[in-house]
Amino acid sequence: MRSVIVYYVLMSALAFAMYWVDKRRATRGIWRISEGTLHTIELLGGWPGAWIGQRIFRHKWRKPQYLVVFWVIVTVHVVGWVLYFALAP
């Protein structure tokens, strides 16, 4: 279980950093990180860092289409963990 927590922390740090970079690029009007890439990092476990990044940088938190996908990813993770612990011997 410890390695899973470390993995989530690392992916969250990556997601947070990517939100920071994307927000800086957005304000400068230069090439951006694609939403698909951001969602992939979230799906791979970085959703907590992405959520924090959304709040701190005020980035992607007003785009309804983006947020629907984000919250589906969060729901998949939460349901997955609930099922894992509910079905664990």
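Author: Of the 89 residues in the protein chain, 30% are buried. This is a predicted model, in which local features need pLDDT of at least 70, side-chain atom pairs count only at pLDDT 80 or more, and totals for chains, interfaces and linings use all residues. Residues are numbered from 1 along each chain as its sequence is written, and side-chain values use heavy atoms, with hydrogens and water left out.

Reader: Why is Gln54 called buried?

Author: Buried means under 20% relative accessible area, exposed means over 50%, and partly exposed lies in between (1.4 Å probe, protein chains only). Gln54 has 0% relative accessibility, so Gln54 counts as buried.

Reader: Where is Gln54 found, and what does Gln54 touch?

Author: Gln54 is in helix α2, residues 35-57. Helices here are DSSP runs of H or I with at least four residues, strands are runs of E with at least two, and both are numbered from the N terminus. Leaving out residues up to four places away in sequence, Gln54 touches Tyr19, His59, Trp61, Tyr66, Leu67 and Phe70. A contact means heavy atoms within 4.5 Å.

Reader: What makes the link between the side chains of Gln54 and Arg55 a polar contact?

Author: The distance is 3.2 Å. The rule asks for a pair of N or O atoms within 3.5 Å; within protein, one must be able to donate a hydrogen and the other to accept it, and residues adjacent in sequence count only if both atoms are side-chain atoms. The contact of Gln54 and Arg55 joins their side chains.

Reader: His39 is also in helix α2. Is His39 buried or exposed?

Author: The relative accessible area of His39 is 13%, so His39 is buried. Apart from neighbours within four places in sequence, His39 is in contact with Tyr66, Val69, Phe70 and Ile73.

Reader: How many aromatic pairs are there?

Author: The count is 7. Rings of Phe, Tyr and Trp (its six-membered ring) pair if their centres lie within 6.5 Å; planes under 30 degrees apart are stacked, over 60 edge-to-face, and the rest tilted. Phe70 and Trp71 form one of these pairs, with 5.0 Å centre to centre and 80° between the planes, and are edge-to-face. Phe70 is buried because its relative accessibility is 0%, whereas Trp71 at 39% is partly exposed.

Reader: Why is the pair of Trp81 and Tyr84 called edge-to-face?

Author: The ring centres of Trp81 and Tyr84 are 5.5 Å apart and the planes are at 80°, so the pair is edge-to-face. Trp81 and Tyr84 are 3 residues apart in helix α3 (residues 64-87), which means a separation of about one helical turn. Trp81 is partly exposed at 27% relative accessibility, and Tyr84 is partly exposed at 49%. Ring pairs link Tyr7, Tyr8, Trp81, Tyr84 and Phe85 into a cluster.

Reader: What makes a set of residues a nonpolar core?

Author: A nonpolar core is a set of buried Ala, Val, Leu, Ile, Met, Phe, Trp, Tyr and Cys residues joined through side-chain atoms within 4.5 Å. The largest such core has 12 residues, including Met11, Ala15, Ala50, Phe57, Phe70 and Val74. Helices α1 (2-28), α2 and α3 each supply at least two residues of this core. Ala50 is in contact with Ala15, Tyr19, Glu42 and Phe70, leaving aside neighbours within four places in sequence.
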